Structures are given as C-alpha cells and as structure tokens.
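Keep the sequence at hand.

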Amino acid sequence: MKFYEYKAHEIFRKYGIPVPRGVLAAKPEDLTDPPIPCVVKAQVLVGGRGKAGGIKLAKTAEEARASATAILGMRIGPYTVRHVYAQEMLDIAQELYLSITIDRSARAALLMASALGGMDVESVPQEKIVRIHIPPLVGLQPYVLRNLAKRLGLPKEVATQVSEIAKKMYALFRGEDAELVEINPLAVLKDGRVVAGDAKLVVDDNAEYRHKEYADLPQDRTPLEEEAHDKGITFIQLDGDIGVIANGAGLTMATLDVLNLKGGKGGTFLDLGGTDDPEKVKQAFEILLKAKPSVIFLNIFGGITKADTVAIGVEQALKAYGSGVPVVARIKGVNEARAKEILADAGMHSVETMEEGAEMAVKLRGGA
Ligand code: GDP
Ligand code: MN
C-alpha cells in the first residue's frame with residue numbers, strides 16, 4: 001500500500017514527526033485559504049515531481065490557485081494528477097535525506113541517511129550515504145543515533161532533532177508495518193527547525209489485515225492496471241519495454257530477473273495465475289498489447305493450467321488483435337506438445353528454456 005504525500009504527512013503527525021501545514025485540493029477553487037506563502041504539490045505516487053513541473057511556489061492565494069490550475073490534470077510518469085497539496089513554504093537552509101526500509105538479506109531494517117538530500121537518492125554517491133542496520137530485537141539505540149549525527153556532520157541542535165525524527169520514524173515503521181518510510185528532503189530551516197519536506201510511505205500489503213483503516217486507500221493504478229484489476233487480471237506496468245506473461249508470481253518474477261540478466265527490461269508483469277480459460281487469456285493479452293510492448297515473452301508452466309488451453313487463448317488473442325508484435329513462447333507442462341504446435345502455427349518463436357527465451361526476446365526487441 002502506497003500513500004500519497006498528504007496522507008503520509010497525516011500519519012507522520014500522529015507519530016510526532018514535524019511536517020508543514022497543508023491543504024488538499026481537487027479543484028483550484030478549493031484553495032480558498034491556503035497557507036501563504038506555499039508550495040503547491042502534485043499528489044502522485046511517484047517521486048521526481050519537482051523535475052516534472054508538479055511543484056510550484058506561490059506567494060498569494062491567487063497564485064496558489066493558478067498553480068493548482070497548471071498542475072491538476074498534468075501527467076507525471078504514468079499518472080494523471082487529481083489532487084494538489086498546498087503546503088506551507090519552508091525556508092530551507094539545508095536538505096538532508098532520511099529513510100528506513102527493509103534489507104531482506106540482512107533480515108533487518110535499514111536506516112539510510114545523507115547530508116545530500118533533495119536530489120534523487122539514486123544519484124547520491126554511495127560513500128555519501130550512511131547505512132545502519134536496525135536488528136528487530138535491538139531496535140534503534142541512542143548510540144546509533146549519535147553515530148549517525150556524527151557521520152552526517154550535523155551541528156548539535158540539528159543532530160538532536162534529526163535523532164528524534166529518526167526515532168519516531170522507526171516507531172512509525174514498526175507501528176504501521178511499513179516497508180519504506182522516506183523523507184527527502186528532511187529540511188533544516190533557516191530558523192533552525194528540522195521538518196519533513198516530503199513523505200513517502202509504503203505499508204506491507206501482507207499487513208493489510210492489521211490496518212483496516214487503510215482499506216479504502218486510493219491505490220496507484222495506472223489506467224491499464226485499473227482496467228486489468230476490474231477484470232480480475234494481475235497486471236503491473238514497469239518501466240521497461242518487454243511484455244512478460246507468466247503464471248504464478250514466482251515464475252513471473254524469475255522471468256523478469258532472467259530478462260534483466262540478459263540485458264532486457266520487463267515493461268509489464270502479467271500473471272495468469274491458475275487461469276487457462278482462453279477467454280481470460282485473450283483479455284489479458286488485449287491489455288498487454290495496449291501497453292505497446294516491443295516484444296512479448298510468454299513463459300508458462302502448465303500444471304493446473306493446461307499449456308494447450310493457454311496457447312489457444314494466445315492464438316485467439318493474436319488473431320483478434322494481430323499487432324505485429326513478435327512473441328517468444330516457452331511453454332512447458334501438461335499438453336506441451338499440442339501447445340507448441342498451436343503456437344508455432346500462429347507464428348510464434350518457440351523456445352525450450354527461460355534463458356533462451358529471454359535472449360531471443362532481447363534480440364527481437366533490438367529489431368533483429
Ligand atoms: P519530489 O521531487 O517529488 O521528491 O518532491 P519534493 O517535495 O521532495 O520537492 C522537491 C524539491 O523542491 C525539494 O528538494 C526542494 O528543493 C523543493 N521544495 C519543495 N518544497 C519546498 C519548500 O517548501 N521550500 C523550498 N525552499 N523548497 C521546496
Ligand atoms: Mn522528495
């Protein structure tokens with residue numbers, strides 16, 4: 001579960017993390033009395049809003065409404081902006097970075113901090129990021145926070161506040177079953193206060209049952225994902241260009257990984273699950289094609305799902321929406337031979353292994 005910034009700020013407040021005041025607006029007219037001066041910010045579930053033009057400064061209420069007019073309806077990444085948040089403008093002296101996430105291989109939470117906040121954390125040099133594991137049975141100890149402040153080179157007054165915020169962030173992380181809490185920038189103001197400039201919060205979907213209060217949280221589906229969701233199809237858009245169809249989350253993930261290994265990048269994640277209903281397969285294919293993949297890699301293991309019925313669905317879909325997109329198919333399991341025949345007749349590139357398929361997909365996408 002991902003949270004919009006305004007919603008994340010609400011939760012931050014609950015844990016005592018200082019955040020700027022703000023008002024949410026779906027229409028420019030809703031900003032009758034925004035805090036002035038303010039920053040009008042697009043509420044979308046992706047970062048980099050600043051660069052995309054989704055953040056504007058306003059000195060008067062009128063300017064704030066004009067900014068809202070400009071930002072509402074804007075597209076940022078795959079999203080259309082439906083809400084803006086007019087947030088009290090911060091007089092920033094320094095921007096820090098602070099986050100807590102899960103490091104699965106270390107079986108611990110991972111605190112990351114940097115004195116180079118504000119920019120994309122991915123573009124901060126590795127050596128400028130302080131990483132500290134927080135073992136669950138030990139928690140976030142005061143000496144760790146003192147060490148953190150020292151490594152960031154923070155003056156005492158700032159260090160005290162940052163430590164306090166990190167402590168509350170960890171409480172939130174545990175209390176809300178978060179996978180990620182991130183503040184970038186954590187703003188050191190000219191008056192010396194430290195305030196969360198933005199807020200990113202992702203709560204583990206598996207903990208949904210413990211957080212009924214988030215049941216109606218608007219989710220970050222793209223229009224295609226929404227369409228798929230309505231049809232009961234597991235479909236996720238990624239930032240690559242190769243359309244991946246597999247069955248079962250494990251195989252789908254493995255397929256994406258192997259593609260990556262071979263130099264390709266998944267553009268969609270379509271999990272057929274246990275379906276072999278040709279009609280369902282056809283519907284799934286239709287949605288996939290709308291995402292305009294450069295090549296499709298079908299990787300099916302037919303157990304409960306019968307390989308040949310999946311193949312029939314694919315064949316029908318290709319007939320119906322014949323798109324010229326090359327399809328690489330690796331299909332194994334029940335009625336495999338029959339499935340291969342069907343796919344070959346439909347002009348697909350049949351392969352035996354996942355690795356081979358990934359290589360072929362990468363090659364075909366290069367226009368070979
Ligand atoms: P993001 O780009 O989606 O992460 O949006 P942020 O909320 O982090 O804002 C991006 C950048 O805009 C920040 O790093 C700041 O440099 C600037 N910014 C945002 N809000 C304020 C503000 O209240 N005051 C000032 N001075 N700059 C701001
Ligand atoms: Mn940010």
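What follows starts at a metal site, moves along the strands around it and ends at a loop.

The model is predicted. Begin with the manganese ion (ligand 2). Asn 184 (O) and Asp 198 (OD) coordinate the manganese ion, at 2.1 to 2.2 Å. Asn 184 belongs to strand 11 (residues 178–189), while Asp 198 sits in the loop between strand 12 (194–196) and strand 13, so the pair ties together parts that are 14 residues apart in sequence. Asn 184 and Asp 198 are both buried.

Now follow strand 11. Of its 12 residues, 11 are buried, so strand 11 is largely enclosed by the rest of the structure. Strand 11 pairs with strand 8 (residues 92–103) in the antiparallel sense, over eight bridges. There, Glu 182 in strand 11 is the bridge partner of Ser 99.

Strand 13 also runs antiparallel to strand 11, joined by four bridges. Ala 178 has Val 203 in strand 13 as its bridge partner.

Strand 12 comes next. Three bridges join strand 12 to strand 11, again antiparallel. Leu 186 stands opposite Ala 196 in strand 12. Strands 11 and 12 form a hairpin, with four residues between them. In the turn, Gly 192 has a positive phi of about 95°.

Finish at Pro 218. Pro 218 lies in the loop between strand 13 (200–203) and helix 5 (223–230). Is Pro 218 buried or partly exposed? Pro 218 is partly exposed, because its relative accessible area is 40%. Beyond residues up to four places away in sequence, Pro 218 touches Lys 2 and Tyr 4. The C-alpha atoms of Pro 218 and Gly 303 are separated by 35 Å.

Definitions and conventions
Residues are numbered from 1 along each chain as its sequence is written. Chains are lettered from A and ligands numbered from 1 in the order in which they are written. This is a predicted model: local features need pLDDT of at least 70, side-chain atom pairs count only at pLDDT 80 or more; totals for chains, interfaces and linings use all residues. Side-chain values use heavy atoms; hydrogens and water are left out. Helices (H or I, at least four residues) and strands (E, at least two) are DSSP runs, numbered from the N terminus. Buried means under 20% relative accessible area, exposed over 50%, partly exposed in between (1.4 Å probe, protein chains only). Contact means heavy atoms within 4.5 Å. Donors are N, O and S atoms within 2.8 Å of the metal (3.2 Å for Na, K and Ca); water is not among the atoms, so sites may look incomplete. Two strands pair if DSSP finds at least two bridges between them.
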